[in-house]
Structures are given as structure tokens and as C-alpha cells.
Amino acid sequence: MVTKQLLRDLPENADLRRADSLAREIFSDVANKWALLIIEALGERTLRFSALRNEVEGISHKMLTQNLRMLEHNGLVNRTVHPTVPPRVEYTLTEPGRALRTTVDAICGWTHQYLGHIEDARRRFGD
């Protein structure tokens with residue numbers, strides 16, 4: 001966490017420790033498994049809804065819709081509707097979304113690096 005010293009020049013909305021801060025709301029939005037997996041799946045590509053759903057195994061239509069709307073609302077994903085019959089809708093990461101993807105990639109790397117360690121720990125707890 002960021003110390004109070006570092007937060008002193010920032011607006012109160014930037015303090016993740018405050019329950020009413022915008023920073024915590026954004027953190028809560030993007031720090032869920034589906035949002036992180038969607039960001040990772042989009043990467044540098046533009047995907048249609050069905051292709052994105054195929055990339056994120058196990059996500060329901062409803063959860064994908066909700067998370068795409070949230071990511072779009074937060075300015076992390078662009079939604080483009082092409083005027084065809086039926087309409088063709090495509091999703092791509094915005095510049096802030098691509099920047100967040102760097103962090104998501106780091107989390108994925110951490111997961112791969114420590115997977116064996118975590119598996120060993122879980123075995124000790126009977127998982």
C-alpha cells in the first residue's frame with residue numbers, strides 16, 4: 001500500500017484505503033478474475049463478443065457482458081458497433097487498458113513462477 005506520505009499531494013479519491021475513494025472503486029472493478037482474464041485475452045487484438053467468450057473459458061454470457069460494460073465504463077475497453085445486419089460488435093483495449101495489461105501479464109508471470117510452490121502449500125492443507 002502507498003504510505004500517507006506519498007498520498008499527501010494526491011486527492012482523497014486516490015487513497016485505496018478510504019472506503020469512499022474512486023481509487024478503491026476502480027481497484028475493486030478491475031481486480032476480479034473475469035476482468036483480468038478479459039484484459040489478458042484482448043491483449044493487442046480486437047475481438048468480437050463470441051470470440052472473446054471462447055478465449056475466456058468458463059465465463060457465462062452474463063458475466064462477460066457485465067465485465068465488458070464495466071471495463072468500457074472505466075475507459076479500459078472500446079466497444080465498436082458496426083452497422084451491419086446483424087450488428088457486428090468488437091472490443092479492443094484502450095491505452096489505459098493496455099497499460100493495465102502490463103500488470104496483468106506480471107500477475108500471470110508470477111502465477112507461473114510460483115505455481116509449484118502454491119501446489120505444494122495446498123497439498124499440505126489437504127486441498
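User: Hi! Before we start, what does "partly exposed" mean?

Analyst: Hi! A residue is buried under 20% relative accessible area, exposed over 50%, and partly exposed in between. One thing to keep in mind is that this is a predicted model.

User: Thanks! Is Trp110 buried, exposed or partly exposed?

Analyst: Trp110 has 47% relative accessibility, so Trp110 counts as partly exposed.

User: And how many aromatic pairs does the structure hold?

Analyst: There is 1 aromatic pair. Its partners are Trp110 and Tyr114, with 5.9 Å centre to centre and 45° between the planes, and the pair is tilted.

User: Which helix do Trp110 and Tyr114 lie in?

Analyst: Both belong to helix α6, residues 95–124, where they sit 4 residues apart, about one turn of the helix. In an α-helix there are 3.6 residues a turn, so residues three or four places apart point the same way.

User: What about Tyr114, is it buried, exposed or partly exposed?

Analyst: Tyr114 counts as partly exposed, because its relative accessibility is 35%.

User: New topic: what span should α6 have?

Analyst: With 30 residues at 1.5 Å a residue, α6 should span 44 Å. The end C-alpha atoms of α6 are 42 Å apart, which agrees.

User: Last one: what comes just after α6?

Analyst: Just after α6 you will find Gly126, which takes a positive phi of about 80°.

Terms used. Residues numbered from 1 in each chain as written. Predicted model: local features only at pLDDT ≥ 70, side-chain atom pairs only at ≥ 80, totals over all residues. Heavy atoms only, no water. Phe/Tyr/Trp six-rings, centres within 6.5 Å; stacked < 30°, edge-to-face > 60°. Helix = DSSP H or I, 4+ residues; strand = E, 2+ residues; numbered from the N terminus. Buried < 20%, exposed > 50% of the residue type's maximum accessible area, 1.4 Å probe, protein only. Expected span 1.5 Å × (residues − 1).
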